[in-house]
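Subject: Structure handover

Hello,

Here is the structure for your files. My notes on it follow below.

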Amino acid sequence: MQIAHIIAAIDLGKTRCRLAVIDPDGRRSYADAGSPGLATADGVDTALAAILPLLAQAGPIDALSVGVAGAWSVPDAARDLAERLAASTEVPVAVASDVVTAHAGALGGAPGTLLIAGTGAAALGADAAGVRL
């Protein structure tokens, strides 16, 4: 399957920020320091400080998705981050909790439970009855 657009995905954790770019030529990866999380007092600013330099290295993109620690507990900050990234990149941006993006990546939408254990910890279970944190 040929990829027609340049898609960027960011995993922003408290220790590390990773960016993967998928384009017609394949996949490129970039990484640097993470951010304390969106729930901190300056969470959006520190998230931007971690993300924007990686995006600058990557070059033009057509869409961006971000999984970020703390997004579930502070939806207003997640929305602010999405809006500020969209303004900076001029592309559509989706921001979700890192546990949501990890669950989707690990289980591909299937029912199951995911546990993230790193600098912080989070769990998410999903089945026919719904989603539980």
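A contact here means heavy atoms within 4.5 Å. Among contacts in the protein between residues at least 6 apart in sequence, 46% join residues at least 24 apart.

This is a predicted model, in which local features need pLDDT of at least 70, side-chain atom pairs count only at pLDDT 80 or more, and totals for chains, interfaces and linings use all residues. Residues are numbered from 1 along each chain as its sequence is written, and side-chain values use heavy atoms, with hydrogens and water left out.

Overall fold. Three helices and eight strands are present, taken as DSSP runs (helices H or I, at least four residues; strands E, at least two) and numbered from the N terminus. Along the sequence their order is β-β-β-α-β-α-β-α-β-β-β. The C-alpha trace spans about 40 × 40 × 25 Å along its principal axes.

Burial. Of the 133 residues, 33% are buried, meaning under 20% relative accessible area with a 1.4 Å probe, protein chains only.

Helix H1. This helix covers residues 43–58, and its 16 residues should span 22 Å at 1.5 Å a residue, the expected span being 1.5 Å times one less than the number of residues. The end C-alpha atoms are 23 Å apart, which agrees. Its buried residues are Gly43, Val44, Ala47, Leu48, Ala50, Ile51, Leu54, Leu55 and Ala58. They pack against strands E1 (7–12), E2 (16–23), E3 (26–33) and E4 (63–68), and against helix H2 (75–89). Just after H1, glycine 59 has a positive phi of about 85 degrees.

Regards

Technical notes:
Buried < 20%, exposed > 50% of the residue type's maximum accessible area, 1.4 Å probe, protein only.
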